[in-house]
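The sequence and structure are shown first, and the points follow by topic.

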Amino acid sequence: MTQSYEAVIGIEVHVELKTNTKIFCNSTTEFGGDPNHHTCPVCLGLPGTLPVLNKKVVEYAVRAGLALNCKIANFSKFDRKNYYYPDLPKNYQISQYDLPIAEHGYLDIEVDGQTKRIGITRLHMEEDAGKLVHQGNIVTTPYSLVDYNRTGVPLIEIVSEPDMRSPEEARAYVEKLKAVIQYTGVSDCRMEEGSLRCDVNVSVRPVGQREFGTKTEIKNLNSFRALQRAVAFEIERQIGVLESGGKVIQETRTWDEARGITVSMRSKEQAHDYRYFPDPDLVPLVLDNQWIEFIRESLPELPDQRRARYIREYGLPEYDASILTLTKEMSDYFEEVIQHYHTPKAVSNWMMGEMARLLNAGGMDITRCKIKPTQLAELLKLIDKGTISGKIAKTVFEEMFASGKDPEAIVKEKGLVQISDEGALAAVVDEVIAANPKSVQDYRGGKTQAIGFLVGQVMKATRGKANPDLVNKLLKEKLQ
Amino acid sequence: MISKQDVEHVALLARLELNEEEKELYTRQLNKILDAARALQELNTDGVPPTAHVLPIQNVFREDRVGEHIDPEKALANAPDREENFFKVPKIV
Ligand SMILES: [Zn+2]
């Protein structure tokens, strides 16, 4: 009998906060820039300098903590996490150890129509490290180059409970987390650009066993797809190791996207002896409840609330509401379309149908969609007015997607206006009736579905421009 | 008790290269320091909150306004090695 296994997954997410300046100095957080230009004596770790906490970072961390249903600490402090690596000029990272700013939160995720609550252990503030640049081949190059522009950029680290049990849940968690943080406006959360990074802890255990198995940590996951694939691979790999009588080694593994596997990173010996201690250069942070409540009241509408509102106010099915609120960009787009076109379900159908199909095919997200929300609204109005048929609208939509042109311009340019003139259509209908005696006979003999074929022939003859309702009506009249 | 292995471990973490003599010396000295600190353990600290900072100050903040950058020439002035405006370091894998 084969043993069945269960995966246990916990995730640490680092999010870069969208402040103007770094967490402990007034250097800019602007992305890129010439190497080492966005620095000052503080973030370069020069002797004699002192860090001073950016108030905005505290506000943003509290905002994110509240959005993730955390309890905000009235008293918290900063600690030094000690390790040697050239991307860290002070040889320690300022972080929060035993008294983080927020704890005991949760996120509700949805997988296969089931809602599941994932616990959030803690959320803390810390500074980002610099960037190592390798000239040429990483293996053969004799040296590394260091750019400290990113050193000191504010981060929040969000640690989940080991509550996830499948690659799908892991992905759903990070997707939801990203959406919530984006809605709060404290970060762009761009996974590809590294403003949202996740490290995933995975272990497996025989079903029914209570203790956790030995875990590995997976790094270098820069898309949702990579995350889901890496976790799926790692679960299978660990089961394979156990099945063949081996032991899983606790280590850090990196995801190799090209090969679709996780690879062991040479384990840095004693790497986890960080010798945390309170940073004497920074004083404790004391937040009163009044200020915390003030921030809570200023929180914008979050994905779950927005989703509930879409169901309640717009009468959208749960499925539509979930998909539309999954990212802030998608949801904001939807909101703008319905400002100009008042049938939310029709907008939802187009966004989840044609638009999603074309975006997926192009590997794009909605921010790169050339169709403006107002243009989509115009297109839907053209259908309602009968100017174009729903079928032709798809052609127009594709053209809009490719060129960003207005729907009216495309309809005019390509002569796509729907034929709703009875006189003009009657002639075509007569021709079709004359050319298809077999179908006409079938219809008259009681096979009413034969009319579908005849409608199709009229549509074909008019290159899709005939008003289908009118064609139906005319055919029925003439065949009586 | 601090063992010689502890000293080797801490030295490695601090990137210190110690010879045998130094290891012995530091093992003895660190144990003496801990003995002295142990005296503090005798104190009754019931009802004393843990100290997060020695000064009675809290909430020192800075506004989120961008200031002057350092001149990159100054930033790199003490670098043992550089390439253009990068710090140049031995490769770390
Ligand atoms: Zn700085």
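In what order do the elements of chain B run from the N terminus on? In this predicted model, the order is α-α-β-α-β-β, that is, three helices and three strands. The radius of gyration of chain B is 22 Å, well over the 12 Å that the globule rule gives for 93 residues, so chain B is more spread out than a compact globule.

**Extent and packing of chain B**
- Along the principal axes, the C-alpha atoms of chain B fill a box of roughly 55 × 45 × 20 Å.
- Of the 93 residues in chain B, 23% are buried.
- Among contacts in chain B with a separation of 6 or more, 19% join residues 24 or more positions apart.

**Surface and charge of chain B**

**Helix α14 of chain A**
- Helix α14(A) comprises twelve residues (450-461), which at 1.5 Å a residue should span 16 Å; the end C-alpha atoms are 17 Å apart, which agrees.
- The buried residues of α14(A) are A450(A), I451(A), L454(A), V455(A), V458(A) and M459(A).
- An α-helix has 3.6 residues a turn, so residues three or four places apart point the same way.
- Cover for the buried residues of α14(A) includes α12 (422-435), α13 (437-444) and α15 (468-479) of chain A.
- After α14(A) comes R463(A), which has a positive phi near 50 degrees.

Notes:
Residues are numbered from 1 along each chain as its sequence is written. Chains are lettered from A and ligands numbered from 1 in the order in which they are written. This is a predicted model: local features need pLDDT of at least 70, side-chain atom pairs count only at pLDDT 80 or more; totals for chains, interfaces and linings use all residues. Side-chain values use heavy atoms; hydrogens and water are left out. Helices (H or I, at least four residues) and strands (E, at least two) are DSSP runs, numbered from the N terminus. The radius of gyration is taken over C-alpha atoms; the globule rule is 2.2 Å times the number of residues to the power 0.38. Buried means under 20% relative accessible area, exposed over 50%, partly exposed in between (1.4 Å probe, protein chains only). Contact means heavy atoms within 4.5 Å. The expected span of a helix is 1.5 Å times one less than its number of residues.
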